[in-house]
Amino acid sequence: MLLKLHQLSFFCALVEEGSIAAAADRMCCVPSNVSTRIKELEASLEVPLVNRDKQRLTLTPEGRAFYPKAQQLLEQSRQCRTFFQHALLQGTLRMGVLDVALKGRLQAPVISFMQQNPQVQINICCDSSLPLMERLLRGELDMILVDGPVQHPALKTRFFAPESLSLVTHLPDQQQFKARAAGLTLFSFGESCFYYLQARQWLSQQALSYSRQADIESYDLILNAVRQGLGFTVMPQTFIAGNPALDGLYHFPLDNLPPCDIYLAAPAAEQSALAQTFYRHLLSEAAASTS
């Protein structure tokens, strides 16, 4: 039989009050209820806890050993009941983001939220937009930062930050690139990567072909390959701006493409107070940084 908290409460009251009658007064019940709960507890534990003597009530050796354990369980139960009954937010948030978002505007809002809410743990993973969307819909993440706009009936989405894409190449102008594109490799983070899909759309608009596509999940390796003249890639402008990793390379905006702004997405269903507070904090900080 499973132990029940009310059985432990009756047992501790009996020990601390010294008699069944006094324990019944404390628990606001009749004495027979105390006797019944103690017998149930003994049956669950399969050991006697109380010596039943008409003159006085004493604990068995097992009862004396069990009493502090019962006290600990009751105290832990009380702490669990009051765990969220204070001003500080507590809990663990799970967030998925594009790596470029983590390198850019997300850092400051996350750090400030951690400083304001020291009891909150924030776990952040990086991936491309489509896998992050799938994980969010499966309930594995609380919210995500992805390329948008995002349209799904189960999600709420808000604009987070502007973003645009640029072509990155070792060639100094677009005319040279267009003349040599057919012999170059398109480096990307995978066929599900939104930037890869945008790059293919732009190349199609320009009636350009390329030699092959290679998946490399490392910006450093991609840029080194581009620097050696092996191919080209597409990257967000926020990653490019002021980045010394692009020294010696050239980048040109992808014209005639819509912006690939970053959007914050979360389940449309009502979330916990912690998740809602973090969601609003991110949007507020993002708005302040772009104003």
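Predicted model: local features only at pLDDT ≥ 70, side-chain atom pairs only at ≥ 80, totals over all residues.
Biologist: Why is Q198 called buried?

Modeller: Its relative accessibility is 7%. The cut-off for buried is under 20%, so Q198 counts as buried. Q198 sits in helix α9, residues 194-205. Leaving aside residues up to four places away in sequence, Q198 touches L165, L257 and P258.

Biologist: What makes E40 and R37 a salt bridge?

Modeller: The side chains of E40 and R37 meet at 2.9 Å, N to O. The rule asks for a side-chain nitrogen of Lys or Arg within 4 Å of a carboxyl oxygen of Asp or Glu, so the pair qualifies. Both residues lie in helix α3 (residues 31-45), 3 residues apart, about one turn of the helix.

Biologist: Why is R37 classed as buried, and why is E40 classed as partly exposed?

Modeller: R37 has a relative accessible area of 17%, and buried means under 20%, so R37 is buried. E40 is at 27%.

Biologist: What about E140 and R135?

Modeller: Their closest N and O atoms are 3.0 Å apart. With the cut-off at within 4 Å, this pair is therefore a salt bridge. E140 has a relative accessible area of 31% and is partly exposed; R135, at 27%, is partly exposed. By this rule the count comes to 8 salt bridges. E16, E17 and R26 are linked in a network of salt bridges.

Biologist: How do you know that domain 2 and domain 3 are in contact?

Modeller: In domain 2, 10 residues are in contact with 9 residues of domain 3, where contact means heavy atoms within 4.5 Å. About 700 Å² is buried between the two domains, and carbon and sulfur atoms give 64% of that area. On the domain 2 side, α5 (99-103) and α7 (129-137) each give two or more residues. By class, that side has 4 nonpolar, 2 polar and 4 charged residues.

Biologist: How many salt bridges cross the interface of domain 2 and domain 3?

Modeller: The rule finds 0 salt bridges there.

Note on methods. Residues numbered from 1 in each chain as written. Heavy atoms only, no water. Helix = DSSP H or I, 4+ residues; strand = E, 2+ residues; numbered from the N terminus. Buried < 20%, exposed > 50% of the residue type's maximum accessible area, 1.4 Å probe, protein only. Buried area = accessible area lost by both parts, 1.4 Å probe. Nonpolar A, V, L, I, M, F, W, Y, C, P; charged D, E, K, R; others polar.
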